[in-house]
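Here is a short briefing on one protein model. Look over the sequence and fold, then read on.

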Amino acid sequence: MKREKPIFAPDPAPLDVAVLVMADTNALSLAAAVDPMRAANRRAGRTLFTWRYYSAAAGAIPVTTGFRIDADALPDRIEADILLIVAGFRLIEQATPPLLARLRRLAPRLRAMIGVDGGPWFLALAGLLDGRSATVHWEDLETFADRFPAVDVRQDRYVISGPFVTTGGAAPCLDMMLELIRTRHGAELALRVAGAFLYEPVHAATVPQQAVSAARLAKGDPALGRAIALMERGVENPIPIAAIARRIGLSQRRLEMLFAERLGTSPGRFFLDLRLDEARRMVVDTRLPLQEVALRTGFSSQMAFARAFRARFGAPASALRRSAGAVQAKTP
């Protein structure tokens with residue numbers, strides 16, 4: 001039983017991290033989890049973190065960029081403070097009953113368990129997040145909330161809920177790791193690690209994940225950032241462009257000029273593309289009926305959805321789903 005004080009607290013002692021890498025993990029998410037530990041060790045001039053790679057079964061694990069990570073099979077007992085799970089695709093397929101049982105056995109022996117990108121799915125499927133707050137990559141938030149009603153699912157970049165930590169993709173993971181370094185070893189070291197990556201650690205845990213970086217656009221034009229943020233929150237129940245303009249204190253004409261100048265498109269076209277991009281993700285990554293996909297992306301009729309989808313992507317949603325299913329079936 002290793003659960004002593006929380007890991008997000010001042011403590012000069014090194015942390016031993018077991019990194020469970022699942023097949024088809026996003027390479028950038030893996031780097032965001034591991035490289036801050038390496039940089040912290042280098043800039044501190046001593047060992048603050050140690051880590052070792054594990055997999056569901058021993059061998060080389062393929063990640064999205066084509067290279068492989070050599071790893072040992074995850075045992076029932078590990079000498080580590082933290083188990084950090086990084087995953088990307090084929091989550092349900094890889095969440096086998098033996099692996100989930102192993103995670104449940106390990107949980108009481110660890111000080112913390114961290115799920116990165118698709119990693120929270122494994123914690124939730126093991127029942128470890130029931131009654132707790134959690135997040136996951138923004139593309140999966142809605143599906144994750146539907147699948148796990150006992151979990152308080154949040155849109156935050158990362159969530160710390162007792163000994164369980166969950167993050168969205170690579171950038172939220174980097175934010176979380178910098179916060180871990182800051183709380184344990186001070187703000188100066190965290191800033192030096194961030195500086196090594198030319199990264200500005202400006203995102204608090206509770207900043208919502210966004211499909212489009214409204215925060216980045218807002219640096220150049222705050223009104224544009226606010227308009228896009230309203231659109232991202234209104235995918236299911238689209239807000240009229242005139243109403244968006246009123247909410248941010250502009251005329252509709254000025255908002256249209258702003259989108260044309262900064263993004264080369266109209267706000268109506270941008271909003272429709274945003275909704276259709278989300279629809280495409282649901283078509284490819286979920287098994288929701290197409291009628292449900294249409295409703296969740298703000299289309300009042302299946303016919304309107306089908307027409308807009310085909311015009312945007314050059315093929316019907318049903319054909320795209322069949323094609324995606326065939327590719328997944330061939331994936332090793």
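In which strand is S55 found? S55 lies in strand β2, residues 49-55. This is a predicted model: local features need pLDDT of at least 70, side-chain atom pairs count only at pLDDT 80 or more, and totals for chains, interfaces and linings use all residues. Residues are numbered from 1 along each chain as its sequence is written, and side-chain values use heavy atoms, leaving out hydrogens and water.

**S55**
- S55 counts as buried because its relative accessibility is 3% (buried means under 20% relative accessible area, with a 1.4 Å probe and protein chains only).
- Its side chain reaches the backbone oxygen of A57 at 2.4 Å.
- Beyond neighbours within four places in sequence, S55 contacts L20, V21, I61, A71, D72, A73 and L74 (contact means heavy atoms within 4.5 Å).

**Helix α1**
- Helix α1 covers residues 27-44; its 18 residues should span 26 Å at 1.5 Å a residue, and the end C-alpha atoms are 26 Å apart, which agrees (the expected span is 1.5 Å times one less than the number of residues).
- N26 caps the N-terminal end, with a side-chain oxygen 2.8 Å from the backbone nitrogen of L28.
- α1 bends by about 30° at V34, and P36 follows within four residues (the bend is the angle between axes fitted to the seven residues ending there and the seven starting there).
- Buried residues of α1 include V34, P36 and N41.
- G45 follows α1 and has a positive phi, near 75°.

**Helices α6 and α7**
- α6 (residues 170-185) and α7 (residues 187-196) pack at about 150°, with axes 7 Å apart.
- The two helices are therefore roughly antiparallel (angles over 145 degrees count as such).
- L178, I181, R182 and H185 in α6 meet A187, L189, A190, V193 and A194 in α7.

Conventions
Buried means under 20% relative accessible area, exposed over 50%, partly exposed in between (1.4 Å probe, protein chains only). A polar contact is a pair of N or O atoms within 3.5 Å; within protein, one must be able to donate a hydrogen and the other to accept it, and residues adjacent in sequence count only if both atoms are side-chain atoms. Axes are lines fitted to C-alpha atoms, for helices over the stretch in contact, and angles run from 0 to 180 degrees between N-to-C directions. Angles under 35 degrees count as roughly parallel, over 145 as roughly antiparallel, 65 to 115 as roughly perpendicular and the rest as oblique.
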